[in-house]
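Please look through the sequence and the model shown here before reading on. The paragraphs below are meant to be read with both in view.

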Amino acid sequence: MAGNATAGVDRVAVYARNSDDYELVLIDGDRSVPVDVDGDFEAEEVALSRDDGPGNEILSLPGSYRIGVIAAVDADLDGDGDADDRLTTSEFSSATSDQRSLRVVEQSLSVSFPSVVDGEITTEDGAVDVNGSAPGSESVLFFAVGERGNIVTQEIGVDDDASIDEDDVPISGLSDGDVTLYVVSAGRDGQVGDGDLPGSTDATIDGFEDYLQNELGSRSLTASQANSVIRSESVDDTASDDLAYTEEASSPTHRRRSRTSTRRTAPPRGSIPSPPAT
Ligand SMILES: [Ca+2]
Ligand SMILES: [Ca+2]
Ligand SMILES: [Ca+2]
């Protein structure tokens, strides 16, 4: 958020319009934003939906809204020195203020693995390309679960245009056989599952990566047990808004070993008896 205020305005406050009033939007926990000597104000990379002000709660649900900026002094009608929680529409529009429309969209996740063709990972080194988009997320977690329940992970940042584009993510640490590939987004609340992971209260994408590597990876689970625990701690957890994409694939290690064992069934070279010397 950035703008310019008329002379004499030293702080501005942000409001979201409900049906018949304007409600305060906290900006990184603050009730107003300072204006510099040139009249400019700025707040960078603010997650408007994450704070717990009344206006932040309005913006936490998908829909179309009015969002407005007002001179903080005009928003302090009870005179306690802070912008008030609520203003009527006439209090807002008669003050030094400006507003815009804002659309809050549902988060979404779409993923493709170009290096997986017909269920087979086609790269000899077993690295996987991850493409797609994840509007609304700062990062997503890619991971692969091997046949013995072991897991490799890679956090992937989401670009400004919401795209995901990560090449050559190595999954060769998995044992041979089938793997399940995942991309998980924590959704609008930024928390994986119900916000609690076994042994940890950090349920961000980072915390989920730690949980998969350290907590789940150290238990001797089969692939199907690991996959079901992962689902129950993320997309299938209580009130979860997480998004997940999964795809089954077989790893190139598996194919290499298959070829090796095929060769071994042929008679070893040199084993055919030479004709007896006469
Ligand atoms: Ca006040
Ligand atoms: Ca979530
Ligand atoms: Ca949980």
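What follows goes from the chain as a whole to its cores, helices, strands and loops.

This is a predicted model, in which local features need pLDDT of at least 70 and side-chain atom pairs count only at pLDDT 80 or more, while totals for chains, interfaces and linings use all residues. Residues are numbered from 1 along each chain as its sequence is written, and chains are lettered from A and ligands numbered from 1 in the order in which they are written.

The protein chain contains five helices and 17 strands, where helices (H or I, at least four residues) and strands (E, at least two) are DSSP runs numbered from the N terminus. Of its 278 residues, 33% are buried; a residue is called buried if 20 or more other C-beta atoms lie within 10 Å of its own, exposed if 12 or fewer, and partly exposed in between, with C-beta atoms placed from the backbone. Two residues are in contact if their C-beta atoms, placed from the backbone, lie within 7 Å, and among the contacts in the protein chain with a separation of 6 or more, 69% are between residues 24 or more positions apart. The pLDDT, which is the predictor's confidence in each residue on a scale from 0 to 100, has a mean of 89 over the protein chain, and 90% of the residues reach 70 or more. Over residues 254–274, however, the pLDDT is below 50, and this stretch has four contacts in the model beyond near neighbours in sequence. Where pLDDT is low, the predicted coordinates should not be read in detail.

Which residues have the most contacts inside the largest nonpolar core? In this core of 39 residues they are Val130, Val140, Phe142, Phe143, Ala144, Val183 and Phe208, a nonpolar core being a set of buried Ala, Val, Leu, Ile, Met, Phe, Trp, Tyr and Cys residues joined through C-beta atoms within 7 Å. The elements that give two or more residues to this core include strand S12 (127–133), strand S13 (139–145), strand S14 (151–157), strand S16 (178–185), helix H3 (205–216) and helix H4 (223–233). The largest share, six residues, comes from S13. Apart from this core lies another, of 26 residues, among them Ala5, Ala13, Tyr22 and Leu24.

Six of its seven residues are buried, so S13 is largely enclosed by the rest of the structure. Phe143, leaving aside its neighbours within four places in sequence, is in contact with Ile151, Val152, Thr153, Tyr182 and Leu212. Strands are said to pair if DSSP finds at least two bridges between them; S13 pairs with S14 in the antiparallel sense over seven bridges, and five bridges join S13 to S16, which also run antiparallel. Val145 stands opposite Ile151 in S14, and its bridge partner in S16 is Thr180. S13 and S14 form a hairpin with five residues between them, and Gly149 in the turn has a positive phi of about 80°.

In H3, the residues Ile205, Phe208, Glu209, Tyr211, Leu212 and Leu216 are buried. They cover an arc of only 160° around the axis, which puts them on the same side of H3, the arc being that of the directions from the helix axis to the C-beta atoms. What covers these buried residues of H3 includes S13, S14 and H4. In H4, Ala223, Ala226, Ile230 and Glu233 are buried. They cover an arc of only 105° around the axis, which puts them on the same side of H4. The buried residues of H4 pack against S13, S14, S16 and H3.

Elsewhere, three strands form an open sheet in the order S9-S12-S15, with antiparallel pairing. Its edge strands are strand S9 (110–112) and S15, each of which pairs on one side only. Three bridges join S9 to S12, and Val111 stands opposite Gly132 in S12.

Finally, two loop residues may be compared. Asp28 is found in the loop between strand S3 (21–25) and strand S4 (33–34), and its phi is near 50°, a positive value in a residue other than glycine. With 12 C-beta neighbours inside 10 Å, Asp28 counts as exposed. Glu45, in the loop between strand S5 (40–42) and helix H1 (54–58), has a phi near 50°, again positive in a residue other than glycine, and Glu45 is exposed, with 7 other C-beta atoms within 10 Å.
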